[in-house]
Amino acid sequence: MSRDEGEGAGGAAAETRRSQPLSLAQKLKSLMARRTDARGKAYVSRTLSQAVDDLPDPPTSASFALIAKLAGGQQDNPTVKTVLALCRALGDVPPAHLLPHASYDDLEALEAFENPLARQVLALLNDLPESEMREVVAHLELRREALGMPSVPDCTGPGGSASDRSRVEKPKKARRRRTGTEAAQYAADALEGL
């Protein structure tokens, strides 16, 4: 059975989701979950706000309410200064990562692009025939293996784009805690079998 035959209608929906870039909220939540604050814990809006304030020469301040709105998707248009401050506080994340474009979903590639030698390699690869580029990739994979370095996932195959890898790493949505009254009502309903 071919891949197309096995996917059916669900496969088309998955393909549509895959072509959509991650939102600023998704990227910010993911960064906050994967990066750690001064205490070694994942960032929350208050600790990220404090980290922005603690930056030497911060470009701006970012209130925890603003960060919570950005991470929650209620606001999606921060100023450039806010983006720069958040990226610096989160460990010098390339600011392009927070832009809504599928090419910018791959944080590892953007971080590699920060290296001037990596940019030179990309410039040298530009306009080479695809067969030549594949040969260079194969050589680099062998070289990494010889140096004992981890392999880099193939992002050129079907379903293997870098943005798909980022989607897998999204943090789970935190559940809202019930108030005391809501918890009591829930318990009473459960006891009554409702």
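Here are some friendly notes on this predicted model, point by point.

1. Let's start with the overall fold. The chain contains ten helices and zero strands, so reading along the sequence gives α-α-α-α-α-α-α-α-α-α, under the DSSP assignment used here. Among contacts between residues at least 6 apart in sequence, 52% join residues at least 24 apart.

2. A word on confidence before the details. The mean pLDDT of the chain is 78, and 77% of the residues reach at least 70. Helix α2 has the highest confidence, with a mean of 93, while helix α9 (residues 162-168) has the lowest, with a mean of 41. Residues 1-17 have a pLDDT below 50, and this stretch makes five contacts in the model beyond near neighbours in sequence. Residues 158-171 also have a pLDDT below 50, but for them the model shows 34 contacts beyond near neighbours in sequence. Please keep both stretches in mind when you look at the picture.

3. Next, surface and burial. Of the 194 residues in the chain, 23% are buried. The accessible surface of the chain is about 13700 Å², and carbon and sulfur atoms account for 56% of that area.

4. An α-helix has 3.6 residues a turn, so residues three or four places apart point the same way.

5. The largest nonpolar core comes next. This core has 22 residues, and the members that touch the most others are L28, M32, L48 and L90. At least two residues come from each of α2, α3, α4 and α5 (80-89). Which helix gives the most to this core? That is α5, with five residues.

6. Setting aside residues up to four places away in sequence, L48 touches L28, M32, Y43, I67, L86, A89 and L90. Among these partners, L28, M32 and L90 are also listed with L48 as the core members touching the most others.

7. T47 sits in helix α3. Is T47 buried or exposed? T47 counts as buried because its relative accessible area is 18%, and the cut-off for burial is under 20%. Apart from its neighbours within four places in sequence, T47 is in contact with D37, R39 and A42.

8. E141 belongs to helix α8 (residues 130-146). With a relative accessible area of 47%, E141 is partly exposed. E141 and S151 are ten residues apart in sequence, and their C-alpha atoms are 6.9 Å apart in space.

9. Finally, the aromatic rings. How many aromatic pairs does a search of the whole structure find? The search finds zero. There are charges over rings to look at, though. The charged end of R46 sits over the ring of F64, at 3.7 Å from the ring's centre. R119 lies over the face of F113, and here the distance to the ring centre is 5.5 Å.

How values were computed: Residues numbered from 1 in each chain as written. Predicted model: local features only at pLDDT ≥ 70, side-chain atom pairs only at ≥ 80, totals over all residues. Heavy atoms only, no water. Helix = DSSP H or I, 4+ residues; strand = E, 2+ residues; numbered from the N terminus. Buried < 20%, exposed > 50% of the residue type's maximum accessible area, 1.4 Å probe, protein only. Contact = heavy atoms within 4.5 Å. Areas by Shrake-Rupley, 256 points an atom, 1.4 Å probe, with all protein chains shown as cover. Core = buried A, V, L, I, M, F, W, Y, C linked by side-chain atoms within 4.5 Å. Phe/Tyr/Trp six-rings, centres within 6.5 Å; stacked < 30°, edge-to-face > 60°. Lys NZ or Arg CZ within 6 Å of the ring centre and 35° of its normal. pLDDT = per-residue confidence, 0-100.
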